[in-house]
Amino acid sequence: MAYHQGYGGQGSKHRVRGPMVPPAPDPHQLFDDTSAGFPHAQGTPTSGIDMGFNTLLADPMANVAVAYGSSIASQSKDIVHKEIHRFMSVNRLKYFFAVDTAYVTKKLALLLFPYAHQNWEVRYSRDTPLTPRQDINAPDLYIPTMAFITYILLAGIALGLQQRFSPEVLGMCASTAFVWVVIEVLALLLSLYLVTVQSDLTPFDLLAYSGYKYVGMILAVLGGLLFGSDGYYVALAWTSCALMYFLARSLRMKLHPSLVPDGMGHPRGGGRGQTYVTLGAAACQPLIVYWLTFHLVR
Amino acid sequence: MAFTLYSLLQAALLVVNAIAVLHEERFLRNVGWGTDQGIGGFGEEPGIKAQLMNLIRSVRTVMRVAINSRELDYNCVALAIWLKTIC
């Protein structure tokens, strides 16, 4: 017992003394050939890091620890991927971010002036919808995400110009805008369920269509900042009309089943409900845009 | 109206709670929203009222399972926190 304790104590004393020994002689030995002019341990920060790595790799115990840690990390990464895959399909999400510059510019132009566009149909290729790169009518999540972040920054600028800025306000603005979009998506899902329309609108599609209003919000706030109150109302009116038209046409094309060449041409009973849902969704846009931006432009 | 995600969660919890406590026999039948009263035949698309009644019944069923398991504790905790925030 005493021998064991003494052995253990001696071993721990050895272990405690171990790390204290290297700093004095080892760095000079390790660093003499790699780089010139490393006189002291606390010279520059980079030399400190290099010294740490070299002593780490020289010590076999640390080597084993690094290997063990990296295997643990890769295992936990696999577990995280599996868990995330249970909730949402990453492939489906990647589809929404497959955009390129031409698509983004054309889509932004379409969001602000949709009256000249003729063909609103989302094209399919062998039963899967085409990616946004190949089809301008496909919804994407890149524009809403970027527009959301730009809106937050613009809100910060607007508040700062009015001496009302503080970091908490920025966070509150961001979460308010996000929560309103979530509420709108939930309301849309509920109303689509109630009118029993068969469509392939996933929640991500609805999130994309609801997120397009951030572009209108950015323009309204910009108009208000540059041209005062009149500019704000003009920009608000223009973007609201454009958004309403855009959303009405897009949703009608996605919800209306009459383009299915099935041979069963009986009139669907839910047609009236679909129209109401589309018009209601379109009519809510200017309300939300106004609600989220008017406090920024006083 | 400044929202946070937490307030959205609270609101959703309270709404689901409200739907769950609608009693079938005492209340919904008197209003005419009982689930044995309205469901028509097959072949016709159910109207909005039938869909709403289905939704209420399914929410109540899910909440019954949740309440019988341990989620009742979480429900109480959430309600307590909400009550504290409004005082």
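Me: Is Gln163(A) buried or exposed, and what is its relative accessible area?
Reply: In this predicted model, Gln163(A) lies in the loop between helix 7 (142-161) and helix 8 of chain A. A residue counts as exposed when its relative accessible area is over 50%. Gln163(A) therefore falls in the class exposed, with a relative accessible area of 71%.

Me: What is the phi of Gln163(A), a residue that is not a glycine?
Reply: Most residues other than glycine have a negative phi. Gln163(A), in the loop between helix 7 and helix 8 of chain A, is not a glycine and yet has a positive phi. The value is about 60°.

Me: How many salt bridges are there over all chains?
Reply: Side chains of opposite charge can pair when their charged atoms come close. One such pair is Glu184(A) with Lys213(A), at 2.4 Å from N to O, and another is Asp205(A) with Lys254(A), at 3.8 Å from N to O. Over all chains, the count of salt bridges comes to two.

Me: Which elements hold Glu184(A) and Lys213(A), the pair that links distant parts of the chain?
Reply: The side chains of Glu184(A) and Lys213(A) meet in a salt bridge of 2.4 Å, N to O. The two residues are 29 residues apart, and both Glu184(A) and Lys213(A) are buried. Glu184(A) belongs to helix 8 of chain A, and Lys213(A) to helix 10 of chain A.

Me: Is Lys254(A) buried or exposed, and what is its relative accessible area?
Reply: The side chain of Lys254(A) meets that of Asp205(A) in a salt bridge. Asp205(A) lies in helix 9 (residues 203-211) of chain A and Lys254(A) in helix 10 of chain A, so the pair ties together parts that are 49 residues apart in sequence. Asp205(A) counts as buried at 2% relative accessibility. Since buried means under 20% relative accessible area, Lys254(A) is likewise buried, with a relative accessible area of 13%.

Me: How many nonpolar, polar and charged residues are in the lining of the second largest cavity?
Reply: By class, the lining has five nonpolar, two polar and two charged residues.

Me: How many residues of the lining of the second largest pocket are nonpolar, polar and charged?
Reply: The second largest pocket has a volume of about 480 Å³, and of the 17 residues that line it, Leu190(A), Ala12(B), Val15(B), Val16(B) and Ile19(B) lie nearest its centre. Two or more residues of the lining come from each of helix 8 (167-194) of chain A and helix 1 (5-20) and helix 3 (48-68) of chain B. The lining divides into 17 nonpolar, no polar and no charged residues.

Me: What is the area of the nonpolar surface patch made by Leu219(A), Leu222(A), Leu226(A) and Phe227(A)?
Reply: Leu226(A), one of the residues of this patch, lies in helix 10 (residues 213-255) of chain A. Patches are made of residues with over 30% relative accessible area, and Leu226(A) is exposed, with a relative accessible area of 62%. The patch has an area of about 410 Å².

How values were computed
Residues are numbered from 1 along each chain as its sequence is written. Chains are lettered from A and ligands numbered from 1 in the order in which they are written. This is a predicted model: local features need pLDDT of at least 70, side-chain atom pairs count only at pLDDT 80 or more; totals for chains, interfaces and linings use all residues. Side-chain values use heavy atoms; hydrogens and water are left out. On a 1 Å grid over the protein atoms alone, a cavity is a set of points where a 1.4 Å probe fits but cannot get out, and a pocket is an open set with protein on both sides within 12 Å along at least five of seven lines; lining residues have an atom within 4 Å of a point. Grid points are joined across faces, edges and corners, and a volume is the space filled by probe spheres set on the points. Helices (H or I, at least four residues) and strands (E, at least two) are DSSP runs, numbered from the N terminus. Ala, Val, Leu, Ile, Met, Phe, Trp, Tyr, Cys and Pro count as nonpolar, Asp, Glu, Lys and Arg as charged, and the others, Gly among them, as polar. Patches are made of residues with over 30% relative accessible area and no salt bridge: like charges are joined within 9 Å, nonpolar side chains (Val, Leu, Ile, Met, Phe, Trp, Tyr) within 5 Å. Accessible areas come from the Shrake-Rupley method with a 1.4 Å probe; for residues, only the protein chains shown count as cover. A salt bridge is a side-chain nitrogen of Lys or Arg within 4 Å of a carboxyl oxygen of Asp or Glu. Buried means under 20% relative accessible area, exposed over 50%, partly exposed in between (1.4 Å probe, protein chains only).
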